[in-house]
2 protein chains.
Amino acid sequence: MSRPRPLVPRSDPADSVRVVGEFGVIARVLARAGTAAAAEVGPGDDAAVVRAADGRVVVTTDVLVEGRHFRRDWSTAEDIGHKAAAANLADVAAMGATTTALVVGLACPPDTPTSWLEGIASGLAAECAPMGAAVVGGDTVASSPDSTGVVLSVTALGDLGGRAPVRRSGARAGQVVALAGKLGWSAAGLAVLRRGFTSPHSVVAAHRRPTPPYAAGPAAADVRASAMCDVSDGLVADAGHLARDSGVVLDLDSAALAQACLEPVGPLQQVGSALGVDPMAWVLTGGEDHALLATFPPNAVLPYGWSVIGSVRAPGRREPGVRVDGKPAADVLQAVGAERPGHVHFG
Amino acid sequence: MSRPRPLVPRSDPADSVRVVGEFGVIARVLARAGTAAAAEVGPGDDAAVVRAADGRVVVTTDVLVEGRHFRRDWSTAEDIGHKAAAANLADVAAMGATTTALVVGLACPPDTPTSWLEGIASGLAAECAPMGAAVVGGDTVASSPDSTGVVLSVTALGDLGGRAPVRRSGARAGQVVALAGKLGWSAAGLAVLRRGFTSPHSVVAAHRRPTPPYAAGPAAADVRASAMCDVSDGLVADAGHLARDSGVVLDLDSAALAQACLEPVGPLQQVGSALGVDPMAWVLTGGEDHALLATFPPNAVLPYGWSVIGSVRAPGRREPGVRVDGKPAADVLQAVGAERPGHVHFG
């Protein structure tokens with residue numbers, strides 16, 4: 001593990017948003033924004049106009065707060081842009097849709113370097129570009145006089161391409177539970193950064209720029225996934241929401257989960273060993289990798305990237321929720337030393 | 001003028017968002033959210049799904065920061081919800097569209113009263129309800145550890161109903177400039193509040209809850225308005241953006257403007273007289289009433305609510321921009337004692 005290099009931008013008063021001014025900032029940021037294939041009217045007017053050929057539009061929003069969701073000394077501006085976009089693109093994918101456009105709200109102190117905002121714009125653009133999406137509008141304002149932190153609010157629009165939206169409430173007993181994407185990598189990367197290290201690179205990179213399996217969402221919808229969500233708060237927490245919304249028990253198979261998430265032996269075991277953490281704790285409770293969790297009819301042929309990790313059962317006399325190998329999730333979390341099923345807001 | 005009553009909510013630790021928790025807050029807020037007529041999937045899933053029968057969707061976002069855009073001792077939570085919605089609904093109207101749905105991002109200190117957030121939700125819902133729109137999704141997070149202020153980010157989706165979007169760039173020489181809605185009332189209300197007063201009620205209410213002429217936007221599009229924007233930063237500032245985007249001069253007629261905005265004699269003159277301010281300064285530079293400014297072909301029959309306030313001219317040897325009675329806007333602003341053409345961000 002190596003010590004971090006400082007990532008905080010050099011403070012150049014002439015580069016501050018106060019000096020550059022709102023319209024200068026907007027011009028410099030828009031130069032990085034790219035172009036959305038679906039935009040009929042892009043940035044610079046009262047509102048943008050985005051094509052929605054499907055006749056419906058998917059919409060989701062996420063707010064990232066400096067000091068809570070990112071730190072400027074742990075992530076570059078580009079990283080934060082990537083991460084903010086990823087959180088939204090994953091939510092759109094979890095409905096079975098593809099992102100077409102973003103709008104961005106930003107509250108920042110007047111001494112924020114404009115170059116840092118350009119980095120945010122570059123990261124947002126780079127994360128969206130592979131699917132033809134881009135930022136089509138935004139609002140940049142000065143943050144509260146007493147605040148030194150940036151608040152970044154991203155809203156994504158998505159297109160279902162004729163698919164039925166996949167909700168959280170459609171899981172039924174007898175179906176299979178499946179996962180696409182990584183679990184625990186971002187949490188392990190955060191644990192590494194918290195100890196003051198920046199390697200192994202793979203988990204730190206996963207924390208800075210998650211790589212959600214966007215295409216797996218529409219692919220799951222195409223084979224009639226019955227329920228789907230993204231894992232942003234932690235597997236046990238988010239599976240719990242899906243289970244309760246569907247009125248079922250999701251029984252996760254720890255061996256299948258380990259096979260999906262911990263084989264071949266990789267950085268989670270390496271970091272776990274170095275930090276004295278059972279890597280299964282990160283798999284069960286780590287958020288922000290934005291894996292997708294879905295349920296499928298038992299006879300479904302799962303698309304590329306999906307692995308079965310459990311089964312859907314009727315709750316019977318039990319409350320709907322998550323079990324692991326038939327046991328209450330809380331017992332298993334305790335056994336692996338995890339304190340909580342997932343991220344707690346306002347904690 | 002009467003002295004203000006305190007509007008800050010009584011602090012009840014048991015009501016704080018930290019104690020109520022994210023999901024408790026969401027449940028209580030959603031109970032106030034209303035239902036969007038166009039929502040196919042509403043709040044509570046990874047994303048919402050909103051019908052866009054037109055095959056296009058209008059999207060705009062605005063960020064409101066406590067201490068910059070609102071104060072909790074000057075405005076109730078309901079007021080702030082109304083105001084945040086109005087800023088977005090007016091942007092949608094300025095494209096010629098009608099709002100169908102909102103999503104809301106909120107960063108707030110953990111000791112924020114949940115009842116205050118319920119008030120925000122009630123205000124947002126009440127402002128949207130007349131057009132069948134509602135909040136369909138959101139994200140609520142704790143603000144930066146060092147911040148005591150709330151950041152409220154609202155994104156609106158709108159439907160063009162088959163109309164061509166009205167952009168800022170379509171004004172042409174020989175056309176007329178017209179206005180719908182109030183100018184200067186919010187600025188006069190702010191001036192009153194800054195002096196520690198809360199009356200006259202009409203201007204204070206206009207500052208707390210602007211009443212943009214939403215229906216005037218689509219109505220203008222229906223008669224082929226050539227360019228349109230909402231007045232959020234001030235008439236001279238926003239007319240300047242439209243003029244430059246169109247490559248024209250907007251020549252405002254001060255007598256027509258006074259007739260549209262200051263007759264019959266009303267509260268602007270009353271407050272101006274009490275505070276020693278030329279009310280025309282508020283008309284020319286006051287934002288946040290969200291009036292609509294548009295240009296129309298010379299033979300257009302203006303819809304209800306629109307008044308001619310000037311004409312569009314070719315710039316000739318001059319730069320595109322705003323003039324008043326043929327004179328540079330800066331001269332006129334100086335004459336009425338206005339310091340700036342409109343709101344300066346990051347100032």
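Student: How many of the residues in chain A are buried?

Tutor: A residue counts as buried if 20 or more other C-beta atoms, placed from the backbone, lie within 10 Å of its own, as exposed if there are 12 or fewer, and as partly exposed in between. In chain A, buried residues make up 60% of the 347 residues. This is a predicted model, in which local features need pLDDT of at least 70, side-chain atom pairs count only at pLDDT 80 or more, and totals for chains, interfaces and linings use all residues. Residues are numbered from 1 along each chain as its sequence is written, while chains are lettered from A and ligands numbered from 1 in the order in which they are written.

Student: What radius of gyration does chain A have, and what would a compact globule have?

Tutor: The radius of gyration is taken over C-alpha atoms, and the globule rule is 2.2 Å times the number of residues to the power 0.38. For 347 residues a compact globule would have a radius near 20 Å, and the 21 Å of chain A agrees with this. Along the principal axes, the C-alpha atoms of chain A fill a box of roughly 65 × 50 × 35 Å.

Student: Which domains does the assignment give for chain A?

Tutor: Domain bounds come from an automatic or database domain assignment. For chain A, the assignment gives domain 1 (13-159) and domain 2 (176-335). Their C-alpha centres lie 27 Å apart.

Student: How many residues of chain A are in contact with chain B?

Tutor: Two residues are in contact if their C-beta atoms, placed from the backbone, lie within 7 Å. Here, 63 residues of chain A are in contact with 63 residues of chain B. Strand S3 (residues 56-65) of chain A gives the largest share of chain A's side, nine residues. Strands (E, at least two residues) and helices (H or I, at least four) are DSSP runs, numbered from the N terminus.

Student: Which strand of chain B pairs with strand S2 (residues 48-51) of chain A?

Tutor: Two strands pair if DSSP finds at least two bridges between them. S2 of chain A pairs with strand S3 (residues 56-65) of chain B in the antiparallel sense over four bridges. Ala48(A) stands opposite Val59(B), and Arg51(A) has Arg56(B) as its bridge partner. S3(B) is also joined to strand S6 (residues 151-159) of chain B by eight bridges, again antiparallel; there Leu64(B) has Leu152(B) as its bridge partner.

Student: Is S3(B) mostly covered or exposed?

Tutor: S3(B) is mostly covered, with 10 of its 10 residues buried. Residues including Arg56(B) and Leu64(B) point one way from the strand, and others, among them Val59(B), point the other way.
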